[in-house]
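This report describes the architecture, packing and local geometry of one protein model. Please consult the sequence and the structure shown here while reading.

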Amino acid sequence: MQYDVIVIVVKNLLLTELIYALLYLYTTLLCNEQQFIFTEIFNVIIFIIIQDLWFYTWHRLFHVNTYLQSIHKIHHKLFTPFTAWHVRPLEHLIINIGSVIVPLLYVPIGQYTLFVIITLSIIGDTYSYSCRNSSNFIHFIIPDKRFSTIGICDYICNTYVVNKVHELF
């Protein structure tokens, strides 16, 4: 069991690094790094909104569609700092990688900004799966709530739950 978790996590990390290397090339070759700071900030806000929408939609589909549920159930088997990476490759590509690639198709951001977004995302995921008072922990306790990354779509779709873990027990 422990060996399987390590293999899944390492494979997904390697896949992620390959795709992010390609994204780095994309932003280096096609994006204008000379944007004004206000344009970059606006683009990051739009990027985050699109990312939240993408992640929410697919994550919810992985909970309601029978075929996708069978893929997603491995993710809910453990709650550790590496749980974000403990998914099947198809789910990792669609939800985790897709939530970075799809916003880039609509919003031009520079390579350094992309690096910061990805780094903060990885740190945030690791922390969120390490903390018993996080949206991910709430989602593990109440699987039909808290599907999005930052909560925008959860608010809109009425799947938001306040982080009051002590009230759940």
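## Helix H2

Helix H2 comprises 28 residues, 37-64. At 1.5 Å a residue it should span 40 Å, and the distance of 40 Å between its end C-alpha atoms agrees with this. The expected span is taken as 1.5 Å times one less than the number of residues in the helix. Helices (H or I, at least four residues) and strands (E, at least two) are DSSP runs, numbered from the N terminus.

The buried residues of H2 are Glu-40, Asn-43, Val-44, Phe-47, Gln-51, Asp-52, Phe-55, Tyr-56, His-59, Phe-62 and His-63. Here, buried means under 20% relative accessible area, exposed means over 50%, and partly exposed lies in between (1.4 Å probe, protein chains only). The cover over these residues includes helix H3 (66-72), helix H4 (89-106), helix H5 (111-128), helix H6 (135-141) and helix H7 (152-156).

## Basis and confidence of the model

The model is predicted; local features require a pLDDT of at least 70 and side-chain atom pairs a pLDDT of 80 or more, whereas totals for chains, interfaces and linings use all residues. Residues are numbered from 1 along each chain as its sequence is written, and side-chain values use heavy atoms, with hydrogens and water left out.

The average pLDDT of the protein is 81, and 85% of the residues score at least 70; pLDDT is the predictor's confidence in each residue, from 0 to 100. Confidence is highest in H3, at a mean of 93, and lowest in helix H8 (residues 165-168), at 53.

## Overall architecture

The protein contains eight helices and zero strands. Of its 169 residues, 42% are buried. The accessible surface comes to about 10,000 Å², and carbon and sulfur atoms account for 69% of this area. Accessible areas come from the Shrake-Rupley method with a 1.4 Å probe; for residues, only the protein chains shown count as cover.

Among contacts with a separation of 6 or more, 71% join residues 24 or more positions apart, a contact being heavy atoms within 4.5 Å. Val-7 lies in helix H1 (residues 2-30) and is partly exposed, at 26% relative accessibility.

The largest nonpolar core has 13 residues, of which Tyr-20, Leu-23, Phe-47, Val-100, Leu-104, Ile-109 and Leu-114 touch the most other members. H1, H2, H4 and H5 each supply at least two residues of this core. A nonpolar core is a set of buried Ala, Val, Leu, Ile, Met, Phe, Trp, Tyr and Cys residues joined through side-chain atoms within 4.5 Å.

Thr-113, in helix H5, is buried at 17% relative accessibility. Apart from neighbours within four places in sequence, Thr-113 is in contact with Glu-40 and Val-44, both of which are buried residues of H2.

## Aromatic pairs

The whole structure holds eight aromatic pairs. Rings of Phe, Tyr and Trp (its six-membered ring) pair if their centres lie within 6.5 Å; planes under 30 degrees apart count as stacked, over 60 as edge-to-face and the rest as tilted. The Tyr-56 and Phe-147 rings form an edge-to-face pair, because their centres are 5.8 Å apart and their planes stand at 90°. Tyr-56 belongs to helix H2 and Phe-147 to the loop between H6 and H7, so this pair ties together parts that are 91 residues apart in sequence. Tyr-56 is buried at 5% relative accessibility, and Phe-147 is buried at 3%.

Trp-58 and Phe-62 form a tilted pair, with ring centres 6.5 Å apart and planes at 55°. These two residues are four apart in helix H2 and therefore separated by about one helical turn. Trp-58 is partly exposed at 25% relative accessibility, whereas Phe-62 is buried at 0%. Ring pairs also link Phe-79, Tyr-129, Phe-137 and Phe-140 into a cluster.

## Positive phi values

Which loop contains Arg-146? Arg-146 lies in the loop between H6 and H7; it has a positive phi of about 60° although it is not a glycine. With 9% relative accessibility, Arg-146 is buried.

Asn-158, in the loop between H7 and H8, also is a residue other than glycine with a positive phi, near 60°. Asn-158 is exposed, at 60% relative accessibility.
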